[in-house]
Amino acid sequence: GKRVHEYERIVEEEVMREIANWPEGSEFETLAPMMRITLNVILRAVFGAQGPALDELREVMPPAVELGSRLSLLPPAVRRDLGPWSPGGKIVRYRRRIDSVVESLIAAARADSAFQERSDVLTLLLAARYENGEPISDRHIADELVTLMAAGHETTSLSLAWAVERLRRHPDL
């Protein structure tokens with residue numbers, strides 16, 4: 001419950017930061033702003049990212065998720081890494097950049113003297129143990145966090161943009 005309350009604060013901060021730049025008195029597309037809000041919330045709440053790490057993930061995650069979504073629909077031969085200009089090669093490079101940042105976030109979280117007070121999902125996973133007492137591997141944690149980000153970012157953004165469109169079209173609701 002305490003951690004969810006902290007996430008509410010993050011959501012509010014990101015919404016207020018985004019809406020400060022919205023035009024007043026004119027219509028505008030809402031998908032891009034919703035994508036920025038959800039991405040920033042997820043990066044902060046899930047990864048505990050801030051500073052240069054947050055900036056790097058903000059830059060690399062959207063094109064990586066978009067390319068990964070497209071590649072998942074294509075045959076395996078197209079997804080192979082055939083060099084720097086191939087779609088498979090691009091997704092491999094995106095994942096390396098993401099992994100590098102996530103590895104640094106894992107190391108920073110472990111070294112944080114306030115580890116016990118942190119509320120991000122990364123810290124929860126670092127503190128978690130399997131039934132046999134073994135910790136979850138860093139690779140598994142990184143995969144889980146990237147999956148949470150990729151799955152949650154686009155779907156939440158689309159749902160929010162659609163809700164705004166519906167409310168705008170039907171203000172009586």
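**Exercise 1.** Is aspartate 120 buried or exposed?

Solution. The model is predicted. Step 1: the relative accessible area of aspartate 120 is 6%. Step 2: buried means under 20%. Aspartate 120 is therefore buried. Step 3: look at the partner. The side chain of aspartate 120 meets that of arginine 118 in a salt bridge, 2.9 Å from N to O. Arginine 118, at 16% relative accessibility, also counts as buried.

**Exercise 2.** Find the salt-bridge partner of arginine 95 and classify both residues by accessibility.

Solution. Step 1: the partner is aspartate 99, and the closest N and O atoms are 2.7 Å apart. Step 2: a salt bridge requires the nitrogen within 4 Å of the carboxyl oxygen, so the pair qualifies. Step 3: both residues belong to helix α5 (residues 87-111), where four residues, about one turn, separate them. Step 4: arginine 95 has 29% relative accessibility and is partly exposed, whereas aspartate 99, at 13%, is buried.

**Exercise 3.** Describe the salt bridge between arginine 169 and glutamate 165.

Solution. Step 1: the closest N and O atoms of this pair lie 2.5 Å apart. Step 2: the two residues are in helix α7 (residues 138-169), four residues apart, which means about one helical turn between them. Step 3: arginine 169 is exposed, at 55% relative accessibility. Glutamate 165 is partly exposed, at 27%.

**Exercise 4.** How many salt bridges does a search of the whole structure find, and which residues are linked in a network?

Solution. Step 1: the search finds 19 salt bridges. Step 2: the network links Arg9, Glu13, Glu14, Arg17 and Arg44.

Note on methods:
Residues are numbered from 1 along each chain as its sequence is written. This is a predicted model: local features need pLDDT of at least 70, side-chain atom pairs count only at pLDDT 80 or more; totals for chains, interfaces and linings use all residues. Side-chain values use heavy atoms; hydrogens and water are left out. Buried means under 20% relative accessible area, exposed over 50%, partly exposed in between (1.4 Å probe, protein chains only).
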